[in-house]
Amino acid sequence: MSFPQHRPRRLRATNALRRMTSEYRLAPAELILPAFIREGLSGPLAISSMPGVVQHSTESLKRAAVQAVESGVGGIMLFGVPATRDATGSASLDPEGVLNKAIRDVRTEVGDDLVVMSDLCLDEFTDHGHCGVLNASGGVDNDATLEIYADMAVAQARAGAQVLAPSGMMDGQVGVIRQALDAAGFQERSVLAYAAKYASAFYGPFREAVDSQLSGDRRTYQMDPGNRREALLEVELDLAEGADMVMVKPAMSYLDILADVAAMSPVPVSAYQVSGEYAMIEAAAANGWIDRRRAIEESVLSIKRAGASMVLTYWATELAGWLKNP
Ligand code: PBG
């Protein structure tokens with residue numbers, strides 16, 4: 001016997017061998033593009049902390065949706081930035097409000113060629129920037145918020161959203177949304193639960209993306225980054241309440257959580273590569289410190305390898321284009 005007996009390098013010798021033996025590969029259909037639409041814009045507006053990402057106008061959003069379809073992207077997740085905000089986020093319920101209108105416009109544009117999903121949360125719509133309404137002492141009132149989420153779900157479903165994505169981390173949110181949808185005749189619409197969503201510094205650039213008014217933080221409702229087991233409880237609760245899909249968020253700093261969830265979840269698992277993850281790679285690439293395309297591909301692949309069936313990423317369309325024409 002010659003030494004060494006096992007030579008893993010044999011299978012790395014050519015591109016054909018590497019390709020044939022590769023365990024994980026990405027496909028455009030499992031990518032979801034998060035997109036922002038801002039009320040009153042006549043053209044797209046750059047988001048400085050997310051180079052390459054914009055706040056869309058109606059027209060530019062429709063174009064982005066069509067490009068996503070052409071690249072084979074699986075879905076689009078819509079976030080609205082309203083012109084006016086109030087304490088209860090009432091613009092979120094208005095059928096002509098920025099998000100509900102965008103859902104309708106995109107659905108009309110792409111039909112069933114792209115899964116149209118909507119962020120179901122109040123933070124973009126409240127003047128205080130929290131994901132729910134406040135009680136007398138300034139805390140986020142869980143159960144009062146749930147009542148609004150139920151109405152938001154129905155408004156978004158009426159506008160044409162196929163997947164509702166509650167991201168506010170209120171206890172019981174999936175259950176009330178499911179009940180409200182069913183009662184309004186939307187039994188066929190699904191719920192993608194932001195199940196394990198952490199109070200993360202990596203949401204930083206998102207604040208600019210939605211012109212958030214938040215002062216303070218979300219630690220009383222989003223999860224503590226130090227907790228691992230608790231993610232499984234959050235997923236179990238959401239499944240019991242009727243979640244059709246679950247999400248772990250952020251992605252890259254939470255791949256252990258993602259692997260845990262993927263191991264126990266009987267429903268599809270997604271992960272959200274958030275604004276700060278995007279900004280880090282773009283900033284390093286802009287400085288010439290990393291190879292942009294390789295870093296993007298590797299980062300999204302790592303999220304898939306950890307267990308995600310679907311990845312929300314701001315690079316969805318560009319990455320899908322690369323995957324189609326390697
Ligand atoms: C809340 C929401 C946030 C993000 C998605 N949905 C912000 C937050 O929870 O503070 C962050 C997404 C990102 O950073 O890319 N509606």
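1. Basis. Residue numbers start from 1 along each chain, following the sequence as written. The model is predicted, so local features need pLDDT of at least 70 and side-chain atom pairs count only at pLDDT 80 or more, while totals for chains, interfaces and linings use all residues.

2. Overall form. The chain has eleven helices and ten strands; these are DSSP runs numbered from the N terminus, helices being H or I with at least four residues and strands E with at least two. Its radius of gyration is 20 Å, which agrees with the value near 20 Å for a compact globule of 326 residues. That radius is taken over C-alpha atoms, and the globule rule is 2.2 Å times the number of residues to the power 0.38.

3. Packing. Buried residues make up 47% of the 326 residues. Buried is defined as 20 or more other C-beta atoms within 10 Å of the residue's own, exposed as 12 or fewer, and partly exposed as in between, with C-beta atoms placed from the backbone.

4. The annotated pair. In an unreviewed entry, UniProt places the feature "active site" at K197 and K249. Although they are spread over 53 residues of sequence, the largest C-alpha distance is 4.8 Å. UniProt positions follow the numbering used here, feature names are shortened, and annotations may be inferred rather than shown by experiment.

5. K197. This lysine is in strand β7 (residues 190-197). K197 counts as buried because it has 26 C-beta neighbours inside 10 Å. Leaving aside neighbours within four places in sequence, K197 is in contact with S167, M169, Q222, M223 and K249; contact means that the two C-beta atoms, placed from the backbone, lie within 7 Å.

6. K249. Strand β8 (residues 245-249) holds K249. K249 is buried, with 25 other C-beta atoms within 10 Å. Among the residues it touches, not counting those up to four places away in sequence, are Y194, K197 and V274.

7. The ligand shell. Residues around the ligand include D119, S167, R218 and V274; a residue is near a molecule if its C-beta atom, placed from the backbone, lies within 6 Å of it. By class, the shell has five nonpolar, two polar and three charged residues. Nonpolar covers Ala, Val, Leu, Ile, Met, Phe, Trp, Tyr, Cys and Pro, charged covers Asp, Glu, Lys and Arg, and the others, Gly among them, are polar.

8. V274. This shell residue is in the loop between β9 (269-272) and α9 (275-286).
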